[in-house]
Each structure stands twice: as C-alpha cells, then as structure tokens.
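I opened my notebook to record what I looked up in this structure, one entry at a time.

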Amino acid sequence: MTVESVPAEVSARAAGADGSRPAPRGLGGVVTMMGSGLSNQVGAAVGSLAFPVLGPVGVVAVRQYVAAVVLLAVGRPRPLGFTWRQWWPVLLLAGVFGTMNLSLYSAIDRIGLGLAVTLEFLGPLTVALAATRGRVDACCAVIAAAGVVTLMRPQPSADYVGMGLGLLAAACWASYILLNRTVGRRLPGAQGAATAAGVSALMFLPVGLVVVGRHPPTLTAVGCAVAAGVLSSAVPYLADLFTLRQVSAQAFGLFMSVNPVLAALVGWIGLGQGLEWTEWAGIGAVVAANGLSLAARRD
C-alpha cells in the first residue's frame, strides 16, 4: 500500500487517521498486520497476471474502483458538507493515491514484485526515521541507503525507469501517510479516505474506458484485476481496522518492514521472479534498518 503496499494505501491511511501516537496492542496486532501485508503482495502478484491484456494502467484502474467501493461503503462520507479546508487535503490524497498505485504497478511490470516493493517501502521508512535524530536512526538510514545502492547499482540489465517508478511510489507512500494525518484531524472516521478513494476512482474512470476500447479485456484478466483490488484493498482494510487505529504512522512503517521480504517471496514462488544474492542482500539491508529502528524504540 502496501503496497500497497499496503499496501498499502488503506494501511497508511489508518495509521495516521486521528493524528495520535498510541502503542501497538500485543502480538495479535503484529500478526494481523503481517497477514495484511501478505494479502497485499499476493494481490499485486495476481494483478500482474493481467498486465499482458490490461497493462498496469488497466489493473490499477480496476483496483481503484474496488478500493472506492469498499471505502465508500465503510466510511459513508458526506462530502457535500465538507469545507475547503477539508477538501484540499482530500483532493491531494486522491491524486497521491492514484499516482502511488500506478507507479508501483508500472515498476512491478518492469523490475519485478520484490524490488519494486522494496523501493516503495523506503517511503514509510523515511517518515519513521525523519521523526527522530538519534544515532541509531542515523545508522539505520546508512544501512537502508546501502541497500538501495546495492539494488540500484549500475549493470547492463538494470532498468532505471522501473527503479525510478519504484522511488516515485515511495515518495507517494510517504506523502500518503502524512496527508492522512492531516485528513484524519479534519474529518471524522474514514470519511476523508473514503472520499479520496471515490475521487481517485472517478479520475481513473476515463482511463478504464480507454483501456477497454483499445484492449478488449478477457474474463480471466478482469478476474485477476478484481482479485488484486480485493486482496490489496478490501482484505488489508478489514484487517487493519483491528490494529492500525492504535498504531502511530512511525510504528506502522516499522512493523510493516516484512513487506519487502513477503513481496520477494511471493514474486519468486508465485511469479518465478528469481533474485540474485546481491538483490536479496539489498532487500535484507532495508528490512534490517527497519528492525534495528524498531528495536531501539522498544527499549
């Protein structure tokens, strides 16, 4: 959002919905978030199976529709009563929402699930590390940077466009977390996130029509895209309802550190996207940076 992910996007929204910073509530919350992350990565993998027919843009459009249906049903927003002070962060959130998913899925299409999600995950990690100035956090930043350098090292087969899209997704995810804190302070419950999802879906409506016109979809491709929306939006949202209202934005980024590993494993097992040992090392460095920072905060 995990993406996306998270998801990713719903998880990030819930993490900072009220601007508070309470502590996690035990092992159950961690297990639920890990399940949410696994669902998000499996959803992305299933969605990628529709790329040959719908392309990343078409799959993202369907995912936005599914996310909008879920969030509007749960959030039940009343946008006619919003003030401009409430509307402008919602509109920014809608734009970031769509850009985040589009850049992530485009990156997955070019560089694979594991690497794309690892680069995207730098977004919440940056939010977490930027909130502190301790030596441990500086060390974590260096470790994470080393991982990124390893992943993006020059080589003949390197796809720098795909890597750039992964970094764009990271910037969007960081923005999404911060914007959700603002929206959460100005609108009750999930009204802001639900409205943002609805606006984003409307933005992708003409995109979906163009995709259908140019590339007539098959039933299998549509099924994969819908499954991606359910697994990467609906399931994580329902899981996160039980935990992320009690977790700060910083803690959210740290607890979700397992996502790059989950993505790499799902990509390897489900899609046959094998990684070199250097790429596993880069992913491990990013995960280690999160783990070390988390351990320091628990002390």
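**A buried isoleucine**

I looked up Ile 283 and noted that it counts as buried because its relative accessibility is 0%, where buried means under 20% relative accessible area, exposed over 50% and partly exposed in between, with a 1.4 Å probe and protein chains only. The model is a predicted one, in which local features need pLDDT of at least 70 and side-chain atom pairs count only at pLDDT 80 or more, while totals for chains, interfaces and linings use all residues. Residues are numbered from 1 along each chain as its sequence is written, and side-chain values use heavy atoms, with hydrogens and water left out.

I placed Ile 283 in helix H13, residues 277-298 (helices are DSSP runs of H or I with at least four residues, numbered from the N terminus). I then listed what Ile 283 touches, not counting residues up to four places away in sequence, and found Leu 115, Leu 151 and Val 261 among them (contact means heavy atoms within 4.5 Å). For Val 261, which is 22 residues apart from Ile 283 along the chain, I noted a C-alpha separation of 7.0 Å.

**A tryptophan and the cysteines**

Next I turned to Trp 88, which lies in helix H4, residues 84-111, and which counts as partly exposed because its relative accessibility is 32%.

How many disulfides are there? I wrote down a count of zero, a disulfide being a pair of cysteine sulfur atoms within 2.5 Å. I also noted that Cys 139 counts as partly exposed at 38% relative accessibility, whereas Cys 172 counts as buried at 9%.

Notes. Helix = DSSP H or I, 4+ residues; strand = E, 2+ residues; numbered from the N terminus.
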